[in-house]
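Reader: I have a chain to read. Please show me how to go about it.

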Amino acid sequence: MFRIYLSLVKKVLFALTILISLLFAGHSLTAQIKNKGIPFIRNYSHKDYKASPQNWSIIQDQRGIMYFGNNYGFLEFDGNNWRLDGVTNKTIVRSLAIDKMGRIYVGGQNDFGYLEADSIGHLIFRSLKPKIKKEFQSFDDVWKIYVTNEGVVFFTYARIYYLINDEIRVILPSSDVFNFPYYVNDRLLLSEPGVGLIELKNEKVSVIPNSKEIGSYNITGMFPHSENNILIVTDKKGMFLYDGYSTFKKWTTLADEFLSKNEIYCGTTLLDGYALGSTHNGLLIIDKNGVPIQHLNREKGLQNGAILTVFQDNSGNLWLGTNNGIDYIEINSPFTFYNAQNGVPGTAFASAINQDKIFLGTNEGLYYQEWSEYENPIHNKPFRQVENTDGKVNNLQKIKNHLLLAHHKGPYEIIGNKAYKISDHWGIWMFMPLDNYPDHILCGTYGGLLLYKIVNGKLVFQWKINGFDESSRVMEQDNEGNIWIAHGYKGIFKLKLSKNLDKVEKMQFYNSEHGFPSNLFINVFKINNKLVFTGETGIFKYDKDSDRFVEHKEFNKLFEKDKHIRKLIEDKDGNIWFSVGEEMGFLKKRSNGNYEVEKNIFNKLQGRLVGGFEHIAYYDKNNVIIGIDEGFVHYNPSFINNRNAYSENDAFTALIRKVEITVGLKDSLLFGGTHLEGNLISLKQPENEVYTIPHKYNSLRFNFSATSYEDIHRIEYQYFLEGFDKNWSNWINSTQKEYTNLHEGNYVFHVRAKNIYNKESIEASYAFSVKPPLVRSLGAYILYSILFIGFLIFFKRVKDRSVRKAKERLKLEQEKTLKLKEAQHMEEVLKAEKEIIKLNNEKLENELNHKNKELTSSAMHVMHSIETIQKIRDQIQTVIETTNDKSTLNHLRKVLKAVETDIKFQNNWEQFELHFNQIHQDFLRRLREDFSQLTHRDIKLCAYLRLNLSSKEIAPLLNLSIRGIETSRYRIRKKMGLEQDVNLTEFILKY
């Protein structure tokens with residue numbers, strides 16, 4: 001009897017528990033995770049990330065980059081690119097963890113350590129094994145890593161390793177069998193069969209009272225619960241609540257059935273609940289009261305039913321490491337899906353919620369499912385097709401308690417789970433009740449109008465209305481009872497029916513001649529109980545006085561110009577839902593009657609609505625059904641408020657992931673994507689990482705990404721190279737930018753991203769410098785200055801030497817002349833007086849000849865000096881033309897001006913030759929006539945020999961070496977045919 005009583009008590013308690021859970025279910029509906037539909041799931045197969053299918057651990061760093069522990073090493077994912085690296089011994093990475101400073105710890109087989117960036121910013125594994133005492137350096141897999149208040153804990157089955165103050169300490173378990181540890185509520189707990197639950201604190205082990213029984217279970221998760229309670233999840237025994245001291249209670253919930261049938265392997269804490277991964281039946285999400293919210297498995301979009309790890313990222317979405325790939329689940333989204341995975345195949349056209357059922361119509365038929373405020377995903381019944389509805393559904397409308405189906409095959413009424421055909425017609429677009437005839441319903445078909453009447457609660461066909469045979473897919477009626485019917489490519493018709501509704505009494509037709517921009521895409525909608533019309537562009541209203549359509553200024557100002565407004569639907573709160581171009585959204589009605597445009601959140605559906613057949617159905621503040629090309633989207637407007645819990649983490653980051661030199665180097669990687677500051681990963685580029693690139697490597701390619709993982713293929717980027725670009729670029733989808741032939745200078749590359757909700761990221765930047773080429777380097781300019789100064793010194797010395805030699809020759813000539821004069825004077829004194837006049841004349845002639853000789857000699861040397869100066873001037877001019885430095889140019893121009901000032905003598909060789917022939921009895925003319933084979937340079941050399949100059953003196957005049965002068969002398973002798981014993985100088989002097 002007692003057992004029966006005890007059994008009854010247990011059943012009552014269980015029933016109360018279920019009741020309490022159900023009472024809290026309403027709260028669950030406004031929680032973080034949606035209960036309706038299937039969330040968006042993106043699958044990454046091992047072919048995408050090119051590593052093993054199995055992934056054991058997941059973390060995210062402060063930049064937003066994801067890391068996955070894989071059989072082949074650790075994966076790094078930035079939203080665009082996957083990178084695979086490994087631990088030192090190339091083994092499986094079972095565990096990952098990150099501390100508050102951003103250091104990432106990695107656990108492999110027989111090794112563990114952390115990640116750091118190398119000199120070029122590429123993440124590498126740094127082993128901590130050398131810090132372990134040799135007797136403890138052999139171990140198997142590191143299954144768990146926890147960053148605790150006492151240090152970093154690395155768990156293996158053989159022993160536990162503590163990293164404390166850069167020192168590894170080892171704790172040996174009391175037995176060879178114990179389960180994984182869990183770090184929860186700042187406590188490190190693990191279970192040991194036969195002993196119980198054990199707490200590790202200050203490197204000491206203590207057994208928790210009353211924990212022996214639960215210690216024998218295989219615990220697969222421990223999570224914080226209400227107050228100081230800890231939720232303990234086992235693989236097969238369900239869940240328990242631990243009060244933090246010594247009390248353990250079984251936690252009975254609606255999830256017990258799932259937990260008993262499916263082995264739980266892993267899990268994580270969510271904002272309002274828990275995500276539990278099973279070994280073969282996917283993921284179960286429960287709220288904090290244990291009420292199941294979502295169940296996702298292979299049939300609902302996962303790649304595999306075996307979940308090895310679960311992680312919630314900083315945007316509130318889930319990453320699953322499975323036995324066959326990685327899955328990304330957008331649980332923190334107001335959008336979920338009803339599609340072929342739910343049992344609703346095809347393109348969406350219509351929906352209705354009626355009598356605790358939801359009906360969804362596609363091009364393949366009409367489907368239904370039980371509908372309630374809360375749906376238990378464990379027992380969620382799949383959608384089933386309504387009988388007799390194969391084929392395309394055009395519309396589904398509830399009119400006067402009748403659920404009417406407008407179908408390609410005809411008009412139907414849905415009663416229960418079956419469609420009943422109302423009349424023997426086909427090609428039905430829609431139904432519309434007539435305001436002035438309460439029991440009559442107008443039906444638009446592919447070719448005209450049908451009339452139905454409600455008789456004794458049933459819809460009865462009356463007749464086809466005469467006088468109108470056009471397609472009637474879009475219809476509205478105005479306050480005067482006129483019927484407006486829009487035709488997609490003709491225009492719009494205004495019909496006035498006869499009193500007995502059997503024919504069209506009056507018809508007017510409107511198109512581009514009546515105010516519309518064209519005849520295309522004209523539609524009619526009822527907003528605020530008034531008709532509004534849309535054309536190919538713009539919104540219009542009908543002006544009765546002019547019988548034309550005029551611009552609707554109030555609505556047009558809310559939309560972009562030149563956009564096609566496809567759909568306008570007013571909900572019961574006065575908000576107006578719209579589809580414009582590829583976008584959708586709604587106009588939120590304010591208390592003052594104005595509207596506020598809300599559309600960014602719907603960017604996720606951009607381009608996915610069924611063009612021309614857009615279906616947007618607002619049911620209440622928690623339920624909006626939207627038709628898309630591959631099914632239906634359930635949108636929960638109230639969910640937006642719950643995203644605020646992650647608003648701080650909503651900010652995402654643009655990242656520069658790679659900088660490559662694109663010319664000249666085999667190993668072209670300049671930056672690998674990770675900055676390191678104080679041995680920790682940093683978002684900012686440290687000053688010591690600002691590199692200077694040689695000018696020959698002045699072409700770079702930048703690769704970038706952004707850590708927003710929703711619809712990553714639609715993220716756009718904007719870049720700007722400071723020092724090169726004038727403004728930011730346009731928004732583009734490309735994830736790289738290349739620059740070639742950059743000039744020397746300092747540069748900073750900036751990049752930012754914009755996600756699908758038009759939210760901009762935190763900007764990333766990379767600074768670098770390009771060295772000038774060798775010809776424009778500082779060393780080159782110093783060399784140019786040295787050479788210039790050398791030229792000036794050399795020029796001065798040559799000029800001084802030339803002047804000095806000219807003075808010496810002049811002095812010698814003067815001395816010779818003086819001696820000759822004295823001798824002549826003595827000779828003339830001895831002669832007779834009769835010879836005095838003659839001698840005086842000869843003296844004057846000799847003086848004239850002497851002056852001519854002096855003039856000739858002086859002119860010759862001055863001419864050579866001028867040639868030299870002109871060469872130097874030309875060289876200085878060349879340097880000026882190739883020099884860019886302004887200071888150097890100013891100095892060179894001053895020198896050039898000084899040189900040109902010194903060039904006073906404007907003479908040439910012909911003038912010299914004229915004077916020379918006058919003095920030396922046409923010596924040069926005679927020489928050319930007698931020895932025609934002599935060259936111009938040979939003639940010059942002979943002239944200098946006639947002046948009795950040495951080879952050393954002649955060499956600079958002809959710009960030849962002394963050896964070159966001797967060679968020229970040899971050639972002249974040969975051309976003159978002189979014998980070897982004849983001296984060339986003596987021959988010239990006597991010639």
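This is a predicted model: local features need pLDDT of at least 70, side-chain atom pairs count only at pLDDT 80 or more; totals for chains, interfaces and linings use all residues.

Reader: Which secondary structure elements does the chain have?

Author: The count is 16 helices and 67 strands.

Reader: How much of the chain is buried?

Author: Of its 991 residues, 51% count as buried. The accessible surface is about 49000 Å², and carbon and sulfur atoms hold 50% of that.

Reader: What about nonpolar side chains?

Author: In soluble globular proteins, they tend to be buried together. Here, the largest nonpolar core has 42 residues. Trp 319, Phe 702 and Phe 768 touch the most other members. A second, separate core has 30 residues, including Leu 190, Ile 208, Ile 219 and Leu 308.

Reader: What does Phe 768 contact beyond four places in sequence?

Author: Its partners include Val 690, Ile 693, Leu 700, Phe 702 and Leu 742. Gly 745 and Asn 746 are also among them.

Reader: Now the glycine. Is Gly 444 buried or exposed?

Author: Gly 444 counts as buried because its relative accessibility is 0%, and the cut-off is under 20%. Gly 444 sits in strand S40, residues 437–445.

Reader: What surrounds Gly 444, leaving aside neighbours within four places in sequence?

Author: Gly 444 is in contact with Ile 428, Trp 429, Met 430, Leu 449, Ser 472 and Met 475.

Reader: How far apart are Gly 444 and Ile 485?

Author: In sequence, 41 residues. In space, 9.0 Å from C-alpha to C-alpha.

Key:
Residues are numbered from 1 along each chain as its sequence is written. Side-chain values use heavy atoms; hydrogens and water are left out. A nonpolar core is a set of buried Ala, Val, Leu, Ile, Met, Phe, Trp, Tyr and Cys residues joined through side-chain atoms within 4.5 Å. Buried means under 20% relative accessible area, exposed over 50%, partly exposed in between (1.4 Å probe, protein chains only). Contact means heavy atoms within 4.5 Å. Helices (H or I, at least four residues) and strands (E, at least two) are DSSP runs, numbered from the N terminus. Accessible areas come from the Shrake-Rupley method with a 1.4 Å probe; for residues, only the protein chains shown count as cover.
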